[in-house]
Amino acid sequence: MTANTPPSFLSRIAIAIGSFFAILGNGRLAADVSRVRAGEAFAADVAPREVRVEVPVEKIVEVRVEVPVEKIVEKTVEKRVEVPVEKLIEKTVEVEKLVATDSAALQLLGLMQREARFVDFIQEDVTPYTDAEIGAAARVVHEGCRKVLREHFTLSPVCSEAEGSRITLQAGFDAAAVRLTGNVVGQPPFTGTLSHRGWLVTQVKLPQLTDIQAAKVIAQAEVEL
């Protein structure tokens, strides 16, 4: 393809997606694009000379900051439970406790921003953009967020049955894991249609955090010299 040949349709889609995030993160590039859209001529059209064009690519983050994070799962402990004397039995139970911490939330948000520019996308006012433009950007955000989930969380469905199938919930079912909707009357067993299988986190794999203050910086400010 020569310099005067317009790019193909698929090439323009790739350029548009890359340019969208490039404009979000580069104020000078945004100003240049605004001048071109206002009718200002390209420098090459004014005086023939060698022009160096920097094309934004898939990712525009130049500085990759590795932020160590801390595990939010406390170690499993064992304790002896006293049962009524008349039963004459003792049993040992393992208690696993998930502790919610600010640092864990900051860590997850930082991962979403680093891999998917999640904060940039959510903070941007999308009102001026078309559905097609938003959809193209959302595809990039979706890919990055999915990567974070796959690398740092192990997920499994709450119910193994296929969605749309009929299932029966016996008495004593886990109300924290299964939510009843529709006309809920009487006592279990309940028989209904599985509309969503649910998701359960079985494992969290996050690096250990050593600097909580650093974790508060979700995205570094960028200063161009």
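**Exercise 1.** Which residue takes a positive phi just after α4?

*Solution.* Start with the ground rules: this is a predicted model, where local features need pLDDT of at least 70 and side-chain atom pairs count only at pLDDT 80 or more, while totals for chains, interfaces and linings use all residues. Residues are numbered from 1 along each chain as its sequence is written, and side-chain values use heavy atoms, leaving out hydrogens and water.

Now find the end of α4 (102-116). Helices are DSSP runs of H or I with at least four residues, strands are E runs of at least two, and both are numbered from the N terminus. Just after α4 comes arginine 117, with a positive phi of about 50°. Most residues other than glycine have a negative phi.

**Exercise 2.** Is arginine 117 buried or exposed?

*Solution.* Grab the cut-offs: buried is under 20% relative accessible area, exposed is over 50%, and partly exposed is in between (1.4 Å probe, protein chains only). Arginine 117 has 12% relative accessibility, so it counts as buried.

**Exercise 3.** What do the buried residues of α4 pack against?

*Solution.* First list some of them: they include Ser103, Leu111 and Met112. Then look for contacts, meaning heavy atoms within 4.5 Å. The buried residues of α4 pack against α5, α6 (131-152) and α7 (212-215).

**Exercise 4.** Which two prolines does a cis peptide bond join?

*Solution.* Go to the loop between β4 (166-169) and β5 (190-193), where proline 189 lies. The cis bond joins proline 188 and proline 189, with omega about 10°. Most peptide bonds are trans.
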